[in-house]
Amino acid sequence: GATDLAAIPDNDDELVISDGGTLKRVDYKYLVPFNTIGGCFSHGNQHTITDATYVKILLSSTKFNRGLTFGSNKITIPSGGDGDYYCSAFIDFNTYAYGAFGAGTVAIFVNGSGVKYATIDTRKAADDYNARSGHIEFNGILGDLNADDYIEVFTYVMMEQLESTYRAANGTMITLFKVNND
């Protein structure tokens, strides 16, 4: 009898197909492209951005998800999902006050540790806050991820406290695609 698959097959799992009545075995890895696992997750306004502190970015909605585990603002690699992943993370900051935004960082954390960073600094000098908004995007490879590894997004923002008490990430999005197998 047939048994339903409960998870994505491992790359060396075999499937049986009929070729004109002749049964043939084929490894799963030959039937699917590498980037079949992937997803895009986002959040609208997050008003809990604290100045000069790493803050975990909320992820509340799924644009699409194929094979990743998503919950509690983190993305987990599934069983059979070992490999390298292309990652794109975007954060749009706003203070709604000219001269309040200085610099910001998007940080990709894997298993609780920061591994990839992208930064923008709009200041001409350390005390020269000359913008009200900015956006940061990280694009790169997260290498050698394994089943149960989890990914989170954090931000670190430098804002002029006297100019604006409003500090927000107006839009946040992270996209992951598997690009190869371990």
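Biologist: Is Phe-93 buried or exposed?

Modeller: Phe-93 is buried, with a relative accessible area of 0%. Buried means under 20% relative accessible area, exposed means over 50%, and partly exposed lies in between, using a 1.4 Å probe and protein chains only. This is a predicted model, in which local features need pLDDT of at least 70 and side-chain atom pairs count only at pLDDT 80 or more, while totals for chains, interfaces and linings use all residues. Residues are numbered from 1 along each chain as its sequence is written, and side-chain values use heavy atoms, with hydrogens and water left out.

Biologist: Which residue in β5 stands opposite Ser-42?

Modeller: Two strands pair if DSSP finds at least two bridges between them. Strand β3 is joined to β5 (residues 61-66) by 5 bridges, and the two run antiparallel. Ser-42 stands opposite Ser-61 in β5. Strand β3 also pairs with β13 (residues 168-181), in the antiparallel sense and over 6 bridges. There, Gly-39 has Leu-176 as its bridge partner.

Biologist: How many aromatic pairs are there?

Modeller: Rings of Phe, Tyr and Trp (its six-membered ring) pair if their centres lie within 6.5 Å; planes under 30 degrees apart count as stacked, over 60 as edge-to-face and the rest as tilted. The count by this rule is 6 aromatic pairs. In one of them, the ring centres of Phe-41 and Phe-70 are 4.4 Å apart with the planes at 25°, so the pair is stacked. Phe-41 sits in β3 and Phe-70 in β6 (residues 69-71), so this pair links distant parts of the chain, 29 residues apart. Phe-41 is buried at 0% relative accessible area, whereas Phe-70 is partly exposed at 25%.

Phe-93 and Phe-101 form a stacked aromatic pair, with 5.7 Å centre to centre and 25° between the planes. Phe-101 is buried, with a relative accessible area of 0%. One aromatic cluster is formed by Tyr-54, Phe-109, Phe-154 and Tyr-156.

Biologist: Which residue lies over the face of Tyr-150?

Modeller: A charge sits over a ring if NZ of Lys or CZ of Arg is within 6 Å of the ring centre and within 35 degrees of the ring normal. Lys-74 lies over the face of Tyr-150, at 4.3 Å from the ring centre.

Biologist: How many salt bridges does the structure hold?

Modeller: Side chains of opposite charge can pair when their charged atoms come close. A salt bridge is a side-chain nitrogen of Lys or Arg within 4 Å of a carboxyl oxygen of Asp or Glu. The structure holds 4 salt bridges. Among them is the one between Lys-56 and Glu-152, at 2.7 Å from N to O. Lys-56 lies in β4 (residues 55-56) and Glu-152 in β12 (residues 150-159), so the pair ties together parts that are 96 residues apart in sequence. Lys-56 is partly exposed at 28% relative accessibility, while Glu-152 is buried at 9%.

Definitions and conventions: Helices (H or I, at least four residues) and strands (E, at least two) are DSSP runs, numbered from the N terminus.
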